[in-house]
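Trainee: I would like to learn how to read helices and salt bridges in a model. Where do we begin?

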Amino acid sequence: MGNPEEAMDHRLVRALGHPLRLEILRILGERMASPSEMVDLTGERLGNVSYHTKVLLECNCIELVKKEPRRGAVEHFYRAKPRGALGSRPWKKIPDFLRGDATAAALDAFTSRAIGALEAGTFHDREGSTLTWQTLVVDERGWKEIGRIVESDEERVRQIAEKCADRIDDPGAAIPIVVALA
């Protein structure tokens, strides 16, 4: 496994190879949470949630955001990494049986967040909020051209999010958004 791209493939397979890890990724894609908070959301035992959270951290799918002292212990809070695996080059090498579950979980998380924003009235609160989609018919060359645009835009969005994470000192100033490219 000397090839970094091959190592990434194996990390993704390992990360997505268990249903609880998919559920943890869904939760952490929606919000920051600690394993003890995720116990309440999943109904699983703390030991199981902590173990699978550690696997996701080792696989570079999530990141530690903060630590807080709690009753003589330290509670760790995580969130999903800004760049999702869906659509990235290593993702295409993941076996189909893992991709289907992960894709369904990602689409479910996106839909839940979008509906939540609509129900809370926050979807249209900011100037520039938008939702757009198109049904197109393309040939093979068009498919590849659009794929390059989506990949480039995904990278640009990720870079902006990383710069923002470095600039935001007050969590109250953070603006939660969802960007979906398909």
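**Salt bridges along helices**

Mentor: Start with one pair. R26 forms a salt bridge with E23, and their closest N and O atoms are 2.6 Å apart. Keep in mind that this is a predicted model.

Trainee: Where do R26 and E23 lie, and how many residues apart are they?

Mentor: First the general idea. An α-helix has 3.6 residues a turn, so residues three or four places apart point the same way. Now the case here. Both R26 and E23 lie in helix 2, 3 residues apart, which is about one turn of the helix.

Trainee: Is R26 buried, partly exposed or exposed? And what of E23?

Mentor: The cut-off for buried is under 20% relative accessible area. R26 has 21% relative accessibility, so R26 counts as partly exposed. E23 is partly exposed too, with a relative accessible area of 26%.

Trainee: How do the accessibilities of E58 and K54 read?

Mentor: E58 has 46% relative accessibility and counts as partly exposed. K54 counts as exposed, at 51%. Exposed means over 50%.

Trainee: What does E162 pair with?

Mentor: The side chain of E162 meets that of R158 in a salt bridge, 2.4 Å from N to O. Both residues lie in helix 6, which covers residues 140–167. They are 4 residues apart, about one turn of the helix.

Trainee: Is R158 buried or exposed?

Mentor: R158 is buried, with a relative accessible area of 16%.

Trainee: Which residues are linked in a network of salt bridges?

Mentor: K66, E68, R70 and E75. The structure holds 11 salt bridges.

**Helix length and buried faces**

Trainee: What span is expected for helix 2, and what does it reach?

Mentor: Take 1.5 Å a residue and compare. Helix 2 covers residues 19–30, which makes 12 residues. It reaches 17 Å from its first C-alpha to its last, close to the 16 Å expected. Helix 4, residues 46–58, has 13 residues. Its reach is 18 Å, close to the 18 Å expected.

Trainee: Which residues of helix 4 are buried?

Mentor: V49, H52, T53, V55 and L56. They cover an arc of only 155° around the axis, which puts them on the same side of helix 4.

Trainee: And which residues are buried in helix 2?

Mentor: L20, R21, L22, I24, L25, I27 and L28.

Trainee: What follows helix 4?

Mentor: N60, whose phi is positive, near 65°.

**The whole chain**

Trainee: How many helices and strands does the protein chain have, and in what order do they run?

Mentor: There are 6 helices and 2 strands. From the N terminus on, they run α-α-α-α-β-β-α-α.

Trainee: What do the totals say about burial, contacts and surface?

Mentor: Of the 182 residues, 23% count as buried. Among contacts with a separation of 6 or more, 54% are between residues 24 or more positions apart. The accessible surface comes to about 12,900 Å², and 54% of that area belongs to carbon and sulfur atoms.

Conventions:
Residues are numbered from 1 along each chain as its sequence is written. This is a predicted model: local features need pLDDT of at least 70, side-chain atom pairs count only at pLDDT 80 or more; totals for chains, interfaces and linings use all residues. Side-chain values use heavy atoms; hydrogens and water are left out. The expected span of a helix is 1.5 Å times one less than its number of residues. Buried means under 20% relative accessible area, exposed over 50%, partly exposed in between (1.4 Å probe, protein chains only). The arc is that of the directions from the helix axis to the C-beta atoms. Contact means heavy atoms within 4.5 Å. Accessible areas come from the Shrake-Rupley method with a 1.4 Å probe; for residues, only the protein chains shown count as cover. A salt bridge is a side-chain nitrogen of Lys or Arg within 4 Å of a carboxyl oxygen of Asp or Glu.
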